[in-house]
Structure formats: structure tokens, C-alpha cells
Amino acid sequence: MQDCPMKLYWSPLSPFVRKTLVAVHELGLADRVEIIPTQVRMDTPNPAMLMLNPLGKIPALQLDDGAMIIDSFAIIDYLNEMVRGAIIPASGEARRQMLRQHALANGLMDILVLWRNERDKPVEQHSKGWIAGFDEKTSRVLALFEIEAAGPNAQPINLGQISIAVVLSYLDFRFAHLNWRDTHPALAVWHATFSSRPSMQATAIAP
Ligand SMILES: N[C@@H](CCC(=O)N[C@@H](CS)C(=O)NCC(=O)O)C(=O)O
């Protein structure tokens, strides 16, 4: 670890945090980022985290001058620019495609985190409409990924692919009962290949 590393406010189970950490590894910055384990809950904001990020959310990155960068995309954009990386293409069709895939995968992360929070409430407080909506949207995004995302990885790999791989792993972890592989065979093969990358292995959720 180098002196004065950047600090990444982190939790092992958050898909937004994992997406950020996979990007850190892909950009060759793992030895410049110190991991700061941080507990957050939507219903019980962490006071220390609120001082750093008024949204109380992770990931958040603190630079060595104390400045805070919040939101996974903003953090990854900062780091990508810092090392002149290619995981966020600068322009053109490659950038548009990456932004589209990132928006879909990140939107799916939003849905799954909300779905899990809803599921954790007492049954009588569940909103059946919300849960049906989450289910429908998840199915539709996965169907699109089966058509658009599964296949050989564009090179160099980008943040769209990272985000899709991470959200699929999050589905395995929190929504295993959906058995997404059974209905999305090409995506399953793609995910297995992508998951063998050192960045994915180094950030995998411990069993
Ligand atoms: N748009 C944010 C979402 C981050 C987010 O929702 N993180 C969750 C953890 S999975 C969190 O910090 N939740 C605590 C809260 O909402 O108070 C990003 O991309 O970084």
C-alpha cells in the first residue's frame, strides 16, 4: 500500500461497491486504495457516513486531500481519468454502448436493492404492486442482456460489462431462487467467462 492512499468506504455485499472495486482492480489501482469497512442501512443512517456523504451511501471515495467523491459512476470516472484508462470510453459508439449497458445494469442494482429491502419487511407491509413491478423489470432486463450482452467481450473491457457481471453475481447471492441461468444460457456462459477475471475473483463475496 502506498503512502496517503485514497480511502474507499466499502461493504462486502453492496453491488455498487463491488462494481467500483472491480474497476479499481481493472485500472491497476488496488494498491492505492485503502478499504474502509462501513455499515449502512437505508432505515438507520450511519452518522459517521452522513458526515462524509449526506446521502449516507456507499461507495464513497476520499482523496488524499480529504475531498469526497460520491456515487459509483463518479468514482470510477475519476479513477479512469486519473490513469487514462479505457473502461469508460471517451466518445463515439463505444461510449454510447457502455453508457447504455451501465444504465441497465445499475438500474437493475437499484431495483434489486429496493426489492430486497421490501422483502425484508414484515409480510403485511409488503407492496404486492412494487414486488410484481420489480419482478417484471428484472425479467425484461435479463432478457435484453441475453440478446445484447452475452457473447464475446468487447476489448478492452468496459464499465458496462463490469456492471452486468456484478449485478448477475448479486442475483446469485440475493435472488438465487430466480435461477436466472436456466432461462438465459448464453448470458450464463458469458458470466462464467467474465467471472474468471482476476478483478472479479479478488472481489467475490466470500461464501
Ligand atoms: N447510486 C449510488 C447507489 C449506492 C447505494 O445505494 N448504496 C447502498 C448500498 S448497496 C447504500 O449505501 N445504502 C444506504 C442508504 O441508502 O442509506 C451509487 O451508484 O453509488
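Let's start at the ligand, which has Ser14, Phe16, Val40, Arg41, Met42, Lys57, Ile58, Pro59, Asp71 and Ser72 around it (near here means that a heavy atom of the residue lies within 4 Å). This is a predicted model, where local features need pLDDT of at least 70, side-chain atom pairs count only at pLDDT 80 or more, and totals for chains, interfaces and linings use all residues. Numbering runs from 1 along each chain as its sequence is written, and side-chain values use heavy atoms, with hydrogens and water left out.

Now for the polar contacts, pairs of N or O atoms within 3.5 Å. A polar backbone atom of Ile58 sits 2.8 Å from a nitrogen atom of the ligand. From the side chain of Asp71, an N or O atom is 2.9 Å from a ligand nitrogen, and Ser72 places a polar side-chain atom 2.6 Å from a ligand oxygen. On its own the ligand exposes 510 Å², and the protein buries 85% of that (Shrake-Rupley areas with a 1.4 Å probe).

Stay with Ile58 for a moment: a cis peptide bond links it to Pro59, with omega about 5 degrees. Pro59 belongs to the loop between helix H2 (47-52) and strand E3 (60-62); helices are DSSP runs of H or I with at least four residues, strands are E runs of at least two, and both are numbered from the N terminus. Another backbone detail is Arg84, a non-glycine residue with a positive phi near 50 degrees, in the loop between helix H3 (72-82) and H4. Most residues other than glycine have a negative phi, and most peptide bonds are trans.

On to the helix packing. The axes of H1 (residues 15-26) and H4 (residues 92-119) come within 10 Å and cross at roughly 145 degrees; axes are lines fitted to C-alpha atoms over the stretch in contact, with angles from 0 to 180 degrees between N-to-C directions. Pro15, Phe16 and Lys19 of H1 meet His102, Asn106, Met109, Asp110 and Val113 of H4, with contact meaning heavy atoms within 4.5 Å.

H6 (residues 159-174) and H8 (residues 185-195) also have axes within 10 Å, crossing at roughly 105 degrees, so these two are roughly perpendicular (65 to 115 degrees). Among the H8 residues that meet H6 are Trp190 and Phe194.

Notes. Parallel < 35°, antiparallel > 145°, perpendicular 65-115°, else oblique. Polar contact = N/O pair within 3.5 Å; in protein donor to acceptor, adjacent residues only side chain to side chain.
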